[in-house]
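Reader: I am new to this structure and would like to learn how to read its features with care. Could you show it to me?

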Amino acid sequence: MEVSLKPIGTLRPGWKSYRNLLGVLARMHMRSSDYRTFLGAIWSLLGPILTFAVLYFIAVDRFASSISLFSIKLLSGIIAVIFFNSVIRIVMVAVRQSREVAIESLVPSEIFIAAPLIVPLVKFGVEMLLALLLAAGMGVLKIENLPWIFLTAVFFIVMATAIGLVLAVLDFFAADVHEIWSRIETLFLFITPVFYSLDSLSPWAKNLVLWLNPATPFVLCFQTFVSGQNVPGFDGFLLIRAIVGSLVLFFVGYLSLKKFEKQILEFV
Amino acid sequence: MSPVILKANNISKRFEIYLVRKTLFRLAKTVAQRLPLSHELWALHRISLEVRQGDKIAVIGRNGSGKTTLFRLLSGIYAPTEGTIEAACPVRPLFRYGMGMNPQMTVLDNIFLIGSFYGLSVPDIRNRMETILAFSELDKLAYVPVKNLSAGQIGRLTFSVFIQNQEDFLAFDESTAMADNPFQAKMGSYFSRLMADETKTVLMASHNLNELRRYCKTAIWLESGQIARTGPVDEVASAYEEFCAAYSKTSGREPDREGLVPVCP
(Lines give C-alpha, C1' and ligand atoms only; values in the text may rest on other atoms or scores of the structure.)
Protein backbone atom coordinates (compact mmCIF):
# COMPACT_ATOMS: atom_id res chain seq x y z
CA MET A 1 0.00 0.00 0.00
CA GLU A 2 1.41 3.38 -1.01
CA VAL A 3 0.71 6.67 0.73
CA SER A 4 1.48 10.03 -0.78
CA LEU A 5 4.44 11.84 0.76
CA LYS A 6 4.66 15.60 1.01
CA PRO A 7 7.63 17.85 1.82
CA ILE A 8 7.83 18.02 5.63
CA GLY A 9 7.53 21.82 5.61
CA THR A 10 4.04 21.62 4.12
CA LEU A 11 2.80 19.46 7.00
CA ARG A 12 3.10 22.32 9.51
CA PRO A 13 -0.24 23.03 11.13
CA GLY A 14 -2.00 26.18 9.89
CA TRP A 15 -2.36 29.40 11.88
CA LYS A 16 -5.88 28.46 12.95
CA SER A 17 -4.57 25.51 14.95
CA TYR A 18 -2.58 27.89 17.15
CA ARG A 19 -5.56 30.01 18.20
CA ASN A 20 -6.09 27.72 21.17
CA LEU A 21 -2.44 28.06 22.25
CA LEU A 22 -2.52 31.84 21.76
CA GLY A 23 -5.60 32.08 23.99
CA VAL A 24 -4.09 29.87 26.70
CA LEU A 25 -0.77 31.75 26.60
CA ALA A 26 -2.51 35.14 26.79
CA ARG A 27 -4.61 33.97 29.75
CA MET A 28 -1.48 32.68 31.50
CA HIS A 29 0.31 35.98 30.97
CA MET A 30 -2.66 37.85 32.38
CA ARG A 31 -2.90 35.54 35.36
CA SER A 32 0.80 35.85 36.17
CA SER A 33 0.59 39.66 35.95
CA ASP A 34 -0.73 42.13 38.53
CA TYR A 35 -4.13 41.77 36.88
CA ARG A 36 -4.87 38.38 38.45
CA THR A 37 -6.70 40.16 41.29
CA PHE A 38 -8.69 43.38 41.60
CA LEU A 39 -6.24 44.77 44.16
CA GLY A 40 -3.38 43.84 41.84
CA ALA A 41 -5.00 45.81 39.03
CA ILE A 42 -5.33 48.82 41.32
CA TRP A 43 -1.72 48.33 42.39
CA SER A 44 -0.56 48.34 38.77
CA LEU A 45 -2.15 51.77 38.34
CA LEU A 46 0.13 53.12 41.04
CA GLY A 47 3.10 53.36 38.63
CA PRO A 48 1.58 55.86 36.20
CA ILE A 49 -0.29 57.68 38.99
CA LEU A 50 2.91 58.20 41.00
CA THR A 51 4.82 59.34 37.89
CA PHE A 52 1.93 61.68 37.15
CA ALA A 53 1.95 63.07 40.71
CA VAL A 54 5.72 63.65 40.75
CA LEU A 55 5.86 65.25 37.31
CA TYR A 56 2.74 67.30 38.03
CA PHE A 57 4.15 68.84 41.19
CA ILE A 58 7.56 69.44 39.60
CA ALA A 59 6.25 70.91 36.35
CA VAL A 60 2.99 72.57 37.34
CA ASP A 61 4.52 75.97 38.11
CA ARG A 62 6.77 76.00 35.06
CA PHE A 63 4.42 74.62 32.38
CA ALA A 64 0.82 74.55 33.60
CA SER A 65 0.34 78.28 32.96
CA SER A 66 1.31 77.90 29.30
CA ILE A 67 -0.40 74.54 28.68
CA SER A 68 -4.17 74.41 29.02
CA LEU A 69 -5.61 71.19 30.45
CA PHE A 70 -2.10 70.35 31.66
CA SER A 71 -3.15 67.47 33.91
CA ILE A 72 -5.01 65.60 31.13
CA LYS A 73 -2.18 66.04 28.63
CA LEU A 74 0.39 65.04 31.24
CA LEU A 75 -1.53 61.91 32.24
CA SER A 76 -2.24 60.75 28.67
CA GLY A 77 1.41 61.40 27.74
CA ILE A 78 2.72 59.38 30.71
CA ILE A 79 0.35 56.49 29.95
CA ALA A 80 1.46 56.42 26.31
CA VAL A 81 5.19 56.51 27.10
CA ILE A 82 4.93 53.80 29.78
CA PHE A 83 2.97 51.62 27.33
CA PHE A 84 5.50 52.28 24.55
CA ASN A 85 8.43 51.23 26.76
CA SER A 86 6.73 48.16 28.14
CA VAL A 87 5.70 46.85 24.70
CA ILE A 88 9.28 47.21 23.41
CA ARG A 89 10.68 45.46 26.49
CA ILE A 90 8.15 42.62 26.29
CA VAL A 91 8.75 42.04 22.58
CA MET A 92 12.53 41.90 23.10
CA VAL A 93 12.19 39.38 25.93
CA ALA A 94 9.57 37.36 24.02
CA VAL A 95 11.78 37.00 20.93
CA ARG A 96 14.68 35.87 23.12
CA GLN A 97 12.57 33.39 25.08
CA SER A 98 10.64 32.10 22.09
CA ARG A 99 13.76 30.34 20.85
CA GLU A 100 13.63 27.92 23.77
CA VAL A 101 10.25 26.65 22.68
CA ALA A 102 10.61 27.17 18.95
CA ILE A 103 13.49 24.69 18.69
CA GLU A 104 11.36 22.04 20.32
CA SER A 105 8.03 22.51 18.61
CA LEU A 106 6.50 23.77 15.39
CA VAL A 107 4.81 26.72 17.08
CA PRO A 108 5.62 29.92 15.15
CA SER A 109 7.52 32.61 17.08
CA GLU A 110 4.73 35.12 16.33
CA ILE A 111 2.54 33.32 18.88
CA PHE A 112 5.10 33.84 21.66
CA ILE A 113 5.56 37.48 20.71
CA ALA A 114 1.85 38.29 20.46
CA ALA A 115 0.63 36.49 23.62
CA PRO A 116 2.46 38.53 26.31
CA LEU A 117 1.30 41.80 24.69
CA ILE A 118 -2.10 41.21 26.25
CA VAL A 119 -0.82 42.52 29.61
CA PRO A 120 0.38 45.99 28.48
CA LEU A 121 -2.68 46.20 26.23
CA VAL A 122 -5.09 45.69 29.12
CA LYS A 123 -3.08 48.03 31.36
CA PHE A 124 -3.05 50.66 28.63
CA GLY A 125 -6.82 50.27 28.19
CA VAL A 126 -7.49 50.69 31.91
CA GLU A 127 -5.11 53.62 32.26
CA MET A 128 -6.48 55.36 29.19
CA LEU A 129 -9.96 54.90 30.64
CA LEU A 130 -8.71 56.73 33.71
CA ALA A 131 -7.49 59.62 31.53
CA LEU A 132 -10.82 59.68 29.68
CA LEU A 133 -12.70 59.76 32.99
CA LEU A 134 -10.55 62.69 34.06
CA ALA A 135 -11.32 64.43 30.77
CA ALA A 136 -15.03 63.67 31.17
CA GLY A 137 -14.92 64.98 34.73
CA MET A 138 -13.42 68.21 33.47
CA GLY A 139 -16.08 68.37 30.75
CA VAL A 140 -13.67 68.29 27.81
CA LEU A 141 -14.14 64.74 26.55
CA LYS A 142 -15.47 64.58 22.99
CA ILE A 143 -17.18 61.29 22.19
CA GLU A 144 -16.36 61.69 18.49
CA ASN A 145 -12.66 61.47 19.41
CA LEU A 146 -12.95 57.92 20.84
CA PRO A 147 -12.54 56.15 17.46
CA TRP A 148 -9.46 58.31 16.82
CA ILE A 149 -8.00 57.30 20.17
CA PHE A 150 -8.61 53.66 19.26
CA LEU A 151 -6.99 54.10 15.84
CA THR A 152 -3.98 55.86 17.37
CA ALA A 153 -3.64 53.09 19.96
CA VAL A 154 -3.70 50.36 17.29
CA PHE A 155 -0.88 51.90 15.29
CA PHE A 156 1.01 52.83 18.45
CA ILE A 157 1.15 49.12 19.32
CA VAL A 158 2.31 48.39 15.77
CA MET A 159 5.09 51.00 16.11
CA ALA A 160 6.27 49.80 19.54
CA THR A 161 6.18 46.14 18.43
CA ALA A 162 8.19 47.04 15.32
CA ILE A 163 10.89 48.75 17.38
CA GLY A 164 10.93 45.79 19.77
CA LEU A 165 11.43 43.39 16.84
CA VAL A 166 14.31 45.39 15.37
CA LEU A 167 16.00 45.66 18.78
CA ALA A 168 15.43 41.96 19.48
CA VAL A 169 17.17 40.99 16.26
CA LEU A 170 20.06 43.38 17.02
CA ASP A 171 20.19 41.96 20.54
CA PHE A 172 20.86 38.53 19.10
CA PHE A 173 23.99 39.76 17.31
CA ALA A 174 25.18 42.19 20.00
CA ALA A 175 24.42 41.20 23.57
CA ASP A 176 24.56 44.72 24.99
CA VAL A 177 21.61 46.07 22.96
CA HIS A 178 19.28 45.10 25.80
CA GLU A 179 21.43 47.02 28.28
CA ILE A 180 21.73 50.07 26.03
CA TRP A 181 17.99 50.13 25.47
CA SER A 182 17.23 49.88 29.19
CA ARG A 183 19.21 53.12 29.64
CA ILE A 184 17.56 54.87 26.69
CA GLU A 185 13.99 53.96 27.64
CA THR A 186 14.22 55.95 30.88
CA LEU A 187 14.84 59.06 28.76
CA PHE A 188 11.58 58.78 26.85
CA LEU A 189 9.59 60.64 29.49
CA PHE A 190 11.91 63.59 28.88
CA ILE A 191 12.51 63.43 25.13
CA THR A 192 8.78 63.15 24.41
CA PRO A 193 6.51 66.20 24.90
CA VAL A 194 4.79 64.75 27.97
CA PHE A 195 5.10 67.58 30.48
CA TYR A 196 6.15 70.35 28.09
CA SER A 197 4.79 71.48 24.77
CA LEU A 198 6.70 71.41 21.51
CA ASP A 199 6.52 75.18 21.10
CA SER A 200 8.50 75.65 24.33
CA LEU A 201 11.52 74.09 22.59
CA SER A 202 14.06 75.72 20.29
CA PRO A 203 13.41 74.98 16.60
CA TRP A 204 16.22 72.41 16.31
CA ALA A 205 15.19 70.65 19.54
CA LYS A 206 11.59 70.66 18.34
CA ASN A 207 12.62 69.03 15.06
CA LEU A 208 14.69 66.42 16.87
CA VAL A 209 11.84 65.51 19.22
CA LEU A 210 9.26 65.51 16.45
CA TRP A 211 11.17 63.64 13.77
CA LEU A 212 13.58 61.37 15.61
CA ASN A 213 11.41 60.20 18.48
CA PRO A 214 8.92 57.62 17.14
CA ALA A 215 6.67 58.06 20.18
CA THR A 216 6.17 61.82 19.73
CA PRO A 217 3.50 61.80 16.98
CA PHE A 218 1.42 59.27 18.92
CA VAL A 219 1.73 61.13 22.22
CA LEU A 220 0.64 64.37 20.53
CA CYS A 221 -2.33 62.55 18.98
CA PHE A 222 -3.37 61.03 22.32
CA GLN A 223 -3.06 64.40 24.09
CA THR A 224 -5.13 66.06 21.39
CA PHE A 225 -7.87 63.43 21.25
CA VAL A 226 -8.19 62.99 25.03
CA SER A 227 -8.11 66.70 25.90
CA GLY A 228 -10.28 67.68 22.93
CA GLN A 229 -7.98 70.52 21.88
CA ASN A 230 -5.09 70.55 19.43
CA VAL A 231 -1.66 70.51 21.06
CA PRO A 232 1.25 72.35 19.38
CA GLY A 233 2.72 70.20 16.61
CA PHE A 234 -0.54 68.30 15.97
CA ASP A 235 -2.31 68.40 12.64
CA GLY A 236 -4.13 65.84 10.50
CA PHE A 237 -0.91 65.03 8.69
CA LEU A 238 0.75 64.01 11.97
CA LEU A 239 -1.60 61.06 12.46
CA ILE A 240 -1.12 59.94 8.85
CA ARG A 241 2.66 60.23 9.31
CA ALA A 242 2.44 58.19 12.51
CA ILE A 243 0.37 55.46 10.82
CA VAL A 244 2.59 55.25 7.74
CA GLY A 245 5.73 55.34 9.90
CA SER A 246 4.46 52.54 12.13
CA LEU A 247 3.56 50.36 9.14
CA VAL A 248 6.93 50.91 7.44
CA LEU A 249 8.82 50.20 10.64
CA PHE A 250 6.70 47.12 11.35
CA PHE A 251 7.46 45.85 7.86
CA VAL A 252 11.19 46.38 8.50
CA GLY A 253 11.02 44.82 11.99
CA TYR A 254 9.00 41.80 10.89
CA LEU A 255 11.16 41.21 7.82
CA SER A 256 14.35 41.42 9.87
CA LEU A 257 12.90 38.92 12.35
CA LYS A 258 11.95 36.58 9.52
CA LYS A 259 15.31 37.05 7.83
CA PHE A 260 17.31 36.25 10.95
CA GLU A 261 14.81 33.89 12.59
CA LYS A 262 16.65 30.91 11.21
CA GLN A 263 19.94 32.08 12.75
CA ILE A 264 18.22 32.91 16.04
CA LEU A 265 16.46 29.54 16.07
CA GLU A 266 19.46 27.50 15.03
CA PHE A 267 22.00 29.39 17.12
CA VAL A 268 24.26 26.76 18.70
CA MET B 1 4.65 -4.55 3.92
CA SER B 2 3.54 -1.30 5.51
CA PRO B 3 3.87 1.87 3.48
CA VAL B 4 6.77 4.30 3.76
CA ILE B 5 5.53 7.32 5.72
CA LEU B 6 8.78 9.27 5.98
CA LYS B 7 11.65 9.50 3.58
CA ALA B 8 14.85 11.48 4.14
CA ASN B 9 17.00 11.82 1.07
CA ASN B 10 20.65 12.69 1.57
CA ILE B 11 19.92 15.27 4.23
CA SER B 12 22.67 17.39 5.73
CA LYS B 13 22.46 20.10 8.32
CA ARG B 14 24.86 22.99 8.70
CA PHE B 15 24.73 25.37 11.69
CA GLU B 16 26.21 28.80 12.04
CA ILE B 17 28.11 29.00 15.31
CA TYR B 18 28.46 32.44 16.82
CA LEU B 19 31.50 32.01 19.03
CA VAL B 20 31.25 35.30 20.89
CA ARG B 21 28.14 37.37 21.62
CA LYS B 22 29.65 40.66 20.54
CA THR B 23 28.85 44.12 21.87
CA LEU B 24 27.25 46.60 19.50
CA PHE B 25 30.64 48.28 19.03
CA ARG B 26 32.36 44.99 18.25
CA LEU B 27 29.55 44.01 15.94
CA ALA B 28 29.90 47.27 14.01
CA LYS B 29 33.68 46.80 13.86
CA THR B 30 33.33 43.22 12.63
CA VAL B 31 30.83 44.25 9.96
CA ALA B 32 32.98 47.24 8.92
CA GLN B 33 36.03 45.00 8.58
CA ARG B 34 33.94 42.45 6.71
CA LEU B 35 35.02 39.68 9.06
CA PRO B 36 32.79 36.62 9.42
CA LEU B 37 30.38 36.68 12.36
CA SER B 38 30.11 32.93 12.54
CA HIS B 39 31.67 29.59 11.75
CA GLU B 40 30.05 26.58 10.17
CA LEU B 41 29.35 23.27 11.82
CA TRP B 42 27.97 20.32 9.91
CA ALA B 43 25.83 18.49 12.46
CA LEU B 44 24.50 15.89 10.04
CA HIS B 45 25.99 14.71 6.82
CA ARG B 46 24.16 12.93 4.01
CA ILE B 47 21.66 10.96 6.02
CA SER B 48 19.17 8.89 4.09
CA LEU B 49 16.49 6.83 5.72
CA GLU B 50 13.01 5.48 5.25
CA VAL B 51 10.46 4.96 7.98
CA ARG B 52 7.52 2.65 7.44
CA GLN B 53 4.21 2.84 9.23
CA GLY B 54 4.43 0.93 12.49
CA ASP B 55 8.25 1.03 12.64
CA LYS B 56 9.81 1.34 16.08
CA ILE B 57 13.29 2.69 15.49
CA ALA B 58 15.97 3.31 18.09
CA VAL B 59 18.42 6.12 17.45
CA ILE B 60 21.73 5.52 19.17
CA GLY B 61 24.79 7.70 19.43
CA ARG B 62 27.07 9.63 21.70
CA ASN B 63 26.29 13.18 22.86
CA GLY B 64 26.67 15.54 19.92
CA SER B 65 26.37 12.79 17.35
CA GLY B 66 23.32 14.46 15.78
CA LYS B 67 20.35 12.59 17.30
CA THR B 68 18.42 15.67 18.41
CA THR B 69 19.22 17.50 15.18
CA LEU B 70 17.92 14.52 13.22
CA PHE B 71 14.67 14.55 15.23
CA ARG B 72 14.28 18.29 14.70
CA LEU B 73 14.78 17.86 10.97
CA LEU B 74 12.36 14.96 10.71
CA SER B 75 9.70 16.85 12.65
CA GLY B 76 10.11 19.94 10.44
CA ILE B 77 11.51 22.27 13.12
CA TYR B 78 14.76 22.70 11.20
CA ALA B 79 14.98 22.77 7.44
CA PRO B 80 17.76 20.62 5.99
CA THR B 81 20.68 22.52 4.45
CA GLU B 82 20.87 19.85 1.76
CA GLY B 83 18.55 17.04 0.78
CA THR B 84 14.82 16.58 1.16
CA ILE B 85 12.45 15.15 3.72
CA GLU B 86 9.01 13.94 2.76
CA ALA B 87 6.38 12.56 5.08
CA ALA B 88 2.79 11.38 5.06
CA CYS B 89 1.95 12.75 8.52
CA PRO B 90 3.54 15.13 10.99
CA VAL B 91 6.04 13.83 13.53
CA ARG B 92 5.27 14.88 17.12
CA PRO B 93 8.53 15.11 19.07
CA LEU B 94 9.14 15.17 22.82
CA PHE B 95 12.41 16.86 23.62
CA ARG B 96 13.26 18.78 26.79
CA TYR B 97 10.95 18.60 29.78
CA GLY B 98 9.42 21.81 31.00
CA MET B 99 9.09 23.29 27.52
CA GLY B 100 7.02 26.46 27.60
CA MET B 101 6.09 26.08 31.26
CA ASN B 102 5.35 29.09 33.39
CA PRO B 103 7.09 28.42 36.72
CA GLN B 104 4.94 30.95 38.58
CA MET B 105 1.72 29.17 37.65
CA THR B 106 0.26 26.06 39.25
CA VAL B 107 0.55 22.50 38.00
CA LEU B 108 -3.07 22.70 36.76
CA ASP B 109 -2.41 25.86 34.73
CA ASN B 110 0.73 24.39 33.27
CA ILE B 111 -1.13 21.29 32.16
CA PHE B 112 -3.26 23.58 29.97
CA LEU B 113 -0.12 25.29 28.75
CA ILE B 114 1.83 22.14 27.88
CA GLY B 115 -1.26 20.49 26.44
CA SER B 116 -1.80 23.45 24.12
CA PHE B 117 1.82 23.25 22.97
CA TYR B 118 1.26 19.61 22.07
CA GLY B 119 -1.85 20.43 20.07
CA LEU B 120 -4.58 19.55 22.59
CA SER B 121 -7.61 21.81 22.84
CA VAL B 122 -8.78 23.26 26.17
CA PRO B 123 -11.84 20.91 26.38
CA ASP B 124 -9.59 17.94 25.55
CA ILE B 125 -7.21 18.87 28.33
CA ARG B 126 -10.09 19.40 30.76
CA ASN B 127 -11.45 15.94 29.92
CA ARG B 128 -8.08 14.31 30.47
CA MET B 129 -7.07 16.31 33.52
CA GLU B 130 -7.70 13.51 36.02
CA THR B 131 -5.81 11.00 33.89
CA ILE B 132 -2.86 13.38 33.56
CA LEU B 133 -2.74 14.14 37.28
CA ALA B 134 -3.08 10.47 38.18
CA PHE B 135 -0.40 9.32 35.72
CA SER B 136 2.04 12.01 36.81
CA GLU B 137 1.19 11.33 40.48
CA LEU B 138 0.90 15.05 41.01
CA ASP B 139 -2.78 15.13 42.00
CA LYS B 140 -1.92 16.31 45.49
CA LEU B 141 0.26 19.08 44.08
CA ALA B 142 -2.27 20.36 41.53
CA TYR B 143 -2.34 23.86 43.04
CA VAL B 144 1.40 24.13 43.72
CA PRO B 145 3.42 26.50 41.51
CA VAL B 146 5.64 24.58 39.11
CA LYS B 147 8.71 26.43 40.40
CA ASN B 148 8.38 24.34 43.58
CA LEU B 149 8.50 21.00 41.74
CA SER B 150 11.64 18.93 41.33
CA ALA B 151 13.14 18.26 37.89
CA GLY B 152 11.79 14.71 38.06
CA GLN B 153 8.27 15.91 38.85
CA ILE B 154 8.42 18.38 35.94
CA GLY B 155 9.52 15.52 33.72
CA ARG B 156 6.61 13.37 34.89
CA LEU B 157 4.19 16.20 34.28
CA THR B 158 5.42 16.88 30.73
CA PHE B 159 5.48 13.20 29.83
CA SER B 160 1.99 12.64 31.21
CA VAL B 161 0.59 15.48 29.09
CA PHE B 162 2.56 14.55 25.97
CA ILE B 163 1.26 10.99 25.87
CA GLN B 164 -2.32 12.29 25.71
CA ASN B 165 -1.95 13.36 22.10
CA GLN B 166 -3.21 10.95 19.52
CA GLU B 167 -0.63 11.49 16.77
CA ASP B 168 0.44 8.39 14.88
CA PHE B 169 4.12 9.32 14.57
CA LEU B 170 5.97 10.11 17.77
CA ALA B 171 9.60 10.84 18.50
CA PHE B 172 11.09 10.57 22.00
CA ASP B 173 14.47 12.18 22.56
CA GLU B 174 15.98 10.82 25.77
CA SER B 175 12.55 11.00 27.34
CA THR B 176 12.92 8.43 30.08
CA ALA B 177 16.10 9.68 31.72
CA MET B 178 14.40 11.75 34.41
CA ALA B 179 12.11 9.07 35.83
CA ASP B 180 12.52 7.32 39.18
CA ASN B 181 11.96 3.57 39.38
CA PRO B 182 8.18 3.56 40.00
CA PHE B 183 7.60 6.03 37.17
CA GLN B 184 9.98 4.07 34.91
CA ALA B 185 7.61 1.13 35.39
CA LYS B 186 4.62 3.27 34.40
CA MET B 187 6.46 4.57 31.36
CA GLY B 188 7.41 1.00 30.57
CA SER B 189 3.80 -0.12 30.42
CA TYR B 190 2.93 2.92 28.26
CA PHE B 191 5.80 2.16 25.86
CA SER B 192 4.90 -1.53 25.75
CA ARG B 193 1.35 -0.64 24.66
CA LEU B 194 2.65 1.94 22.19
CA MET B 195 5.18 -0.43 20.66
CA ALA B 196 2.57 -3.16 20.28
CA ASP B 197 0.31 -0.82 18.31
CA GLU B 198 0.97 -1.35 14.61
CA THR B 199 -0.59 1.98 13.66
CA LYS B 200 1.92 3.96 15.73
CA THR B 201 5.34 4.80 14.41
CA VAL B 202 8.02 5.64 16.95
CA LEU B 203 11.54 7.03 16.88
CA MET B 204 13.31 6.75 20.20
CA ALA B 205 16.70 8.14 21.18
CA SER B 206 18.21 7.08 24.47
CA HIS B 207 21.49 6.22 26.15
CA ASN B 208 19.75 3.34 27.87
CA LEU B 209 20.45 0.53 25.41
CA ASN B 210 18.50 -2.09 27.37
CA GLU B 211 15.42 0.08 27.10
CA LEU B 212 15.92 0.47 23.35
CA ARG B 213 16.47 -3.26 22.94
CA ARG B 214 13.22 -3.87 24.82
CA TYR B 215 11.03 -1.46 22.85
CA CYS B 216 12.51 -1.15 19.35
CA LYS B 217 13.02 -3.55 16.50
CA THR B 218 15.58 -1.71 14.40
CA ALA B 219 18.21 0.90 15.18
CA ILE B 220 20.22 3.66 13.61
CA TRP B 221 23.62 4.48 15.07
CA LEU B 222 24.75 8.02 14.47
CA GLU B 223 28.40 8.93 14.82
CA SER B 224 29.75 12.40 14.05
CA GLY B 225 26.64 13.31 12.11
CA GLN B 226 26.70 10.25 9.88
CA ILE B 227 24.96 6.91 9.97
CA ALA B 228 27.55 4.47 11.27
CA ARG B 229 25.30 1.46 11.17
CA THR B 230 21.69 0.41 10.76
CA GLY B 231 19.97 -2.92 11.33
CA PRO B 232 18.30 -5.01 14.02
CA VAL B 233 18.49 -3.24 17.35
CA ASP B 234 20.53 -5.99 19.09
CA GLU B 235 23.26 -5.96 16.46
CA VAL B 236 23.54 -2.19 16.28
CA ALA B 237 23.44 -1.74 20.05
CA SER B 238 26.15 -4.37 20.56
CA ALA B 239 28.38 -2.75 17.93
CA TYR B 240 27.83 0.59 19.61
CA GLU B 241 28.71 -0.86 23.02
CA GLU B 242 31.96 -2.24 21.59
CA PHE B 243 32.72 1.13 20.08
CA CYS B 244 32.06 2.90 23.39
CA ALA B 245 34.25 0.40 25.27
CA ALA B 246 37.07 0.99 22.79
CA TYR B 247 36.51 4.73 23.11
CA SER B 248 36.87 4.55 26.89
CA LYS B 249 40.07 2.49 26.59
CA THR B 250 41.64 5.11 24.35
CA SER B 251 40.93 7.76 27.03
CA GLY B 252 38.48 9.65 24.89
CA ARG B 253 40.42 9.54 21.64
CA GLU B 254 38.56 8.30 18.60
CA PRO B 255 39.05 4.52 18.43
CA ASP B 256 40.00 2.87 15.20
CA ARG B 257 36.82 3.05 13.18
CA GLU B 258 37.76 0.34 10.75
CA GLY B 259 34.70 -1.71 10.10
CA LEU B 260 32.52 1.23 10.97
CA VAL B 261 32.20 2.36 7.41
CA PRO B 262 29.04 4.40 7.16
CA VAL B 263 26.34 2.27 5.62
CA CYS B 264 24.14 5.01 4.24
CA PRO B 265 21.54 3.42 2.01
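Reader: What is the order of the strands in the open sheet of four strands?

Author: Strands of a sheet pair through backbone hydrogen bonds, either parallel or antiparallel. In this predicted model, the open sheet has the order S1(A)-S4(B)-S1(B)-S2(B), with antiparallel pairing, where strands are DSSP runs of E with at least two residues, helices are runs of H or I with at least four, both numbered from the N terminus, and two strands pair if DSSP finds at least two bridges between them. The edge strands, each pairing on one side only, are S1 (6-7) of chain A and S2 (39-52) of chain B. S1(A) joins S4 (residues 82-87) of chain B over two bridges, and A:Lys6 has B:Ala87 as its bridge partner there.

Reader: Which residues of helix H7 of chain A are buried?

Author: Buried means under 20% relative accessible area, exposed over 50%, and partly exposed in between, with a 1.4 Å probe and protein chains only. In H7 (residues 177-185) of chain A, the buried residues are A:Val177, A:Trp181 and A:Glu185. They lie on the same side of H7(A) because they cover an arc of only 65° around the axis, the arc being that of the directions from the helix axis to the C-beta atoms.

Terms used: Residues are numbered from 1 along each chain as its sequence is written. Chains are lettered from A and ligands numbered from 1 in the order in which they are written. This is a predicted model: local features need pLDDT of at least 70, side-chain atom pairs count only at pLDDT 80 or more; totals for chains, interfaces and linings use all residues. Side-chain values use heavy atoms; hydrogens and water are left out.
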